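Reader: I am new to this structure and would like to understand the words used to describe it. Could you take me through them with care, setting each term against its definition?

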Amino acid sequence: MTNKLVFPAKETVLAPIEGSDSLFPIHRIFCVGRNYHAHAAEMGTTVDKSVQSPFYFIKDASTYVATGASIDYPPQTDNYHYEMEFVVAIGEEGFNVSEEKAENIIFGYACGLDMTRRDLQLKARETGRPWDLGKDFEESAILAPIVPIGKTGVLNEGKIELAVNGEAKQSSDINLLIWNVREIIADLSKFYHLQPGDLIYTGTPDGVGPVVSGDKITGSIEGIGDIELTIR
């Protein structure tokens, strides 16, 4: 007897690769919280790397949206924020990966936007509840084409910037990450068997803020490229 699905299985989410006809199948989307000191400060907290570890939240692969899209203002929020992020794409399986070998499992890099229902996130934070309603919702993980590491080399620095309607809002450098990419991969791989197709959004600089319907977001990371998004 052949088993039948009661409804069609979800299709694999595929992201473009810069300069290639091949596609990157997205497995999981990990996000690092509070990974720039200035952003932690604007969120009303501090980070002491000597006694704290990175923390993470997850977005479903179905939240992916390609750069250049126009998306709806999401429901149940009055404080919808942009967060410009340096994204690392994983290309090899890795568990308990050392910092020295972390770069061996990187497929490439991309520009990303972690769109956030800030009011729901803060309400959850204040009540000690998970951030899911504020972070893991439809059309909340925007991604530009992934640039293979063979084209960029290992990136440890580069300007990261964002503007809304042409007005600069975020400007920093990825060398200001509290936990750098090697440290993030080494730490995250203690808890998960990282898989090809995993994405890591490494955190946002300070300058986050709200957008409304009609706004256009543009961002860039030096050495990687650009990203844009329009709120319908």
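Author: Let us begin with pairing, since two strands are said to pair if DSSP finds at least two bridges between them. With that rule in hand, and keeping in mind that this is a predicted model, one can read an open sheet of three strands in the order β10-β7-β16, with antiparallel pairing.

Reader: Why are β10 and β16 said to stand at the edges of that sheet?

Author: β10 (116–117) and β16 (209–210) each have a single partner strand, so each is left with one side that has no neighbour in the sheet.

Reader: What makes β7 and β16 a pair?

Author: The definition asks for at least two bridges, and two bridges join strand β7, residues 80–82, to β16, the two running antiparallel; the pair therefore meets the rule. Within this pairing, His-81 stands opposite Pro-210 in β16.

Reader: Which order do the strands of the five-stranded open sheet follow, and what kind of pairing do they have?

Author: The order in that open sheet of five strands is β6-β18-β17-β13-β14, and the pairing is mixed. β6 pairs with strand β18, residues 225–231, in the parallel sense over two bridges, and Ile-71 stands opposite Ile-231 in β18.

Reader: How do you know that the side chain of Lys-135 makes a polar contact with that of Thr-116?

Author: A polar contact calls for a pair of N or O atoms within 3.5 Å, and the side chains of Lys-135 and Thr-116 make such a contact at 2.8 Å. Leaving aside neighbours within four places in sequence, Lys-135 is also in contact with other residues, among them Phe-57, Glu-83, Asp-114 and Gln-121.

Reader: And what of Pro-75: is this residue buried or exposed?

Author: Pro-75 lies in the loop between β6 and β7. Exposed means over 50%, and Pro-75, at 55% relative accessibility, therefore counts as exposed. Pro-75 and Glu-138 are 63 residues apart in sequence, while their C-alpha atoms are 9.8 Å apart in space.

Reader: What makes a space a cavity, and how many of 30 Å³ or more are found?

Author: A cavity is a set of points where a 1.4 Å probe fits but cannot get out, and a search of the whole structure finds one of 30 Å³ or more. The largest cavity holds about 140 Å³ of space and is lined by 18 residues, of which Arg-34, His-39, Glu-83, Gln-121 and Trp-131 lie nearest its centre. The largest share of that lining, four residues, comes from α2, and by class the lining has six nonpolar, five polar and seven charged residues.

Reader: Why is the other space called a pocket, and what volume does the largest pocket have?

Author: A pocket is called so because its set of points is open, with protein on both sides; the largest pocket has a volume of about 180 Å³. Both α2 and α3 give two or more residues to the lining of the largest pocket, and α2 gives the most, with four. Among the residues that line the largest pocket are Leu-120, Lys-123, Trp-131 and Gly-134.

How values were computed
Residues are numbered from 1 along each chain as its sequence is written. This is a predicted model: local features need pLDDT of at least 70, side-chain atom pairs count only at pLDDT 80 or more; totals for chains, interfaces and linings use all residues. Side-chain values use heavy atoms; hydrogens and water are left out. On a 1 Å grid over the protein atoms alone, a cavity is a set of points where a 1.4 Å probe fits but cannot get out, and a pocket is an open set with protein on both sides within 12 Å along at least five of seven lines; lining residues have an atom within 4 Å of a point. Grid points are joined across faces, edges and corners, and a volume is the space filled by probe spheres set on the points. Ala, Val, Leu, Ile, Met, Phe, Trp, Tyr, Cys and Pro count as nonpolar, Asp, Glu, Lys and Arg as charged, and the others, Gly among them, as polar. A polar contact is a pair of N or O atoms within 3.5 Å; within protein, one must be able to donate a hydrogen and the other to accept it, and residues adjacent in sequence count only if both atoms are side-chain atoms. Contact means heavy atoms within 4.5 Å. Buried means under 20% relative accessible area, exposed over 50%, partly exposed in between (1.4 Å probe, protein chains only).
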